[in-house]
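Me: I would like to go through the labels used for this model. For each one, tell me what it rests on.

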Amino acid sequence: MKSVAVAPAKVILTGEHFVVYGTAAIVTAVGIHSKATVSWRRDGAIVIRSSLPKCAISINERQCEILHGGQQARTLLEPISLVAQATLKESGDQHRGLNVQIESNIPVGVGLGSSAAVAVSTISAIVRLLSGKLDRKLTRRLAFESERHVHKIPSGIDQTVSTYGGVIVYQREKPFKHVVLRRTFPIIIGDTGIRRSTGDIVSRVKAFLAERDTLMKRVMKSANLISRRALVAVQQADRKRLGELMNLNHELLRQIEVSTKELDQLVSAAREAGAFGAKLTGAGGGGCMIALASPDNTTRVLEAIREAGGNSYLANIERRGVKSWLLD
Ligand code: PMV
């Protein structure tokens with residue numbers, strides 16, 4: 001018997017970084033996915049395989065053996081083995097062995113929540129194998145705990161949206177709210193191709209803001225206001241207004257120094273090609289930006305991002321979060 005779970009990536013429309021300190025953010029699941037396929041093993045080992053990049057490790061008696069893909073296999077797959085172990089432990093089954101196969105289309109380390117989606121799909125597939133059910137609450141909690149290994153002060157936004165899907169207003173320590181959309185709209189993604197570590201950038205921002213009290217207060221207040229206004233714009237599917245707010249949000253992110261020359265270039269190219277607005281998305285320091293445009297202008301904006309050196313594509317809002325099922 002096997003189980004499968006598929007979890008979506010995300011883009012943050014407004015409020016990244018500031019969300020770590022308690023302000024509201026708006027985030028949406030998008031139709032790019034991580035798929036985990038899980039089955040029991042008799043030998044007690046946890047074997048994790050990934051198809052992109054092709055790599056594999058085996059964990060037995062806490063020893064990690066690289067089966068394929070060198071050191072990169074360990075860096076990419078060890079966090080998944082921790083997630084798998086934590087899920088088994090939660091159910092009192094920590095001595096059972098597992099095969100976990102990951103197939104993900106989500107680019108790694110560029111702000112689209114790939115580590116959260118991989119964790120959410122892995123946990124959900126194991127929970128389905130153990131109990132025959134989908135348990136979103138447990139999945140979100142375990143994925144959040146695993147994110148603490150990646151960076152120490154995660155807001156939990158990535159795990160929440162990958163688990164529950166749709167567009168979400170997210171604020172730390174508060175119940176998240178799903179946004180009811182009048183109409184859905186596509187989001188333009190531009191990728192600088194520069195990978196970075198969320199944990200490193202979040203730590204850098206923490207040190208930067210610790211020395212700048214006045215700036216901290218000002219940016220937090222503005223970020224909260226932007227997210228509140230963005231919520232109304234999203235509800236009304238008002239891309240023009242949302243774009244303007246995204247432009248303002250990008251300026252705040254520049255002030256805390258998480259944008260880069262490459263991100264600014266893609267953002268400017270999108271705006272000059274007539275986008276309603278554009279901003280970096282996720283932790284910054286490289287990674288992706290997003291833009292909104294009218295249907296007539298979308299192709300132009302996608303091309304302008306490519307001409308400015310980015311890889312660009314369209315993503316749709318994904319209303320559903322993680323799904324899981326059993327296979328015979
Ligand atoms: O770049 P990503 O996909 O890891 O997103 C990080 C979002 C932050 O707000 C910067 C961090 C967090 O935990 O919310």
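Me: How many residues of domain 1 and domain 2 are in contact?

Reply: 30 residues of domain 1 are in contact with 40 residues of domain 2. Contact means heavy atoms within 4.5 Å. This is a predicted model: local features need pLDDT of at least 70, side-chain atom pairs count only at pLDDT 80 or more, and totals for chains, interfaces and linings use all residues. Residues are numbered from 1 along each chain as its sequence is written, and side-chain values use heavy atoms, with hydrogens and water left out.

Me: Where do the bounds of domain 1 and domain 2 lie?

Reply: Domain 1 covers 2–177 + 320–327, and domain 2 covers 186–316. These bounds come from an automatic or database domain assignment. Taken over C-alpha atoms, the two centres are 25 Å apart.

Me: What area is buried between domain 1 and domain 2?

Reply: About 2,800 Å², with carbon and sulfur atoms giving 70%. Buried area is the accessible area (1.4 Å probe) that two parts lose on being put together, summed over both. In domain 1, H17, F18 and Y21 lose the most area to domain 2, together 25% of what that side buries.

Me: What makes E16 and K279 a salt bridge?

Reply: The closest N and O atoms of E16 and K279 are 2.8 Å apart. The rule asks for a side-chain nitrogen of Lys or Arg within 4 Å of a carboxyl oxygen of Asp or Glu, so the pair qualifies. Across the interface of domain 1 and domain 2, the rule finds one salt bridge. The structure holds 14 salt bridges.

Me: Where in the chain do K279 and E16 sit?

Reply: K279 is in strand β10 (residues 277–280), and E16 is in the loop between β1 and β2, 263 residues apart. Helices (H or I, at least four residues) and strands (E, at least two) are DSSP runs, numbered from the N terminus. Both K279 and E16 are buried.

Me: Why is S162 called buried?

Reply: S162 has a relative accessible area of 1%. Buried means under 20% relative accessible area, exposed over 50%, partly exposed in between (1.4 Å probe, protein chains only). At 1%, S162 is therefore buried. S162 lies in helix α4 (residues 157–164). Leaving aside its neighbours within four places in sequence, S162 is in contact with residues including A7, P8 and V322.

Me: Why does E145 count as partly exposed?

Reply: E145 is at 36% relative accessibility, between 20% and 50%, so E145 is partly exposed. R141 is also at 36% and counts as partly exposed.

Me: What labels do K261 and E262 get for accessibility, and why?

Reply: K261 has a relative accessible area of 57%, over 50%, so K261 is exposed. K261 forms a salt bridge with E262, the closest N and O atoms being 3.8 Å apart.
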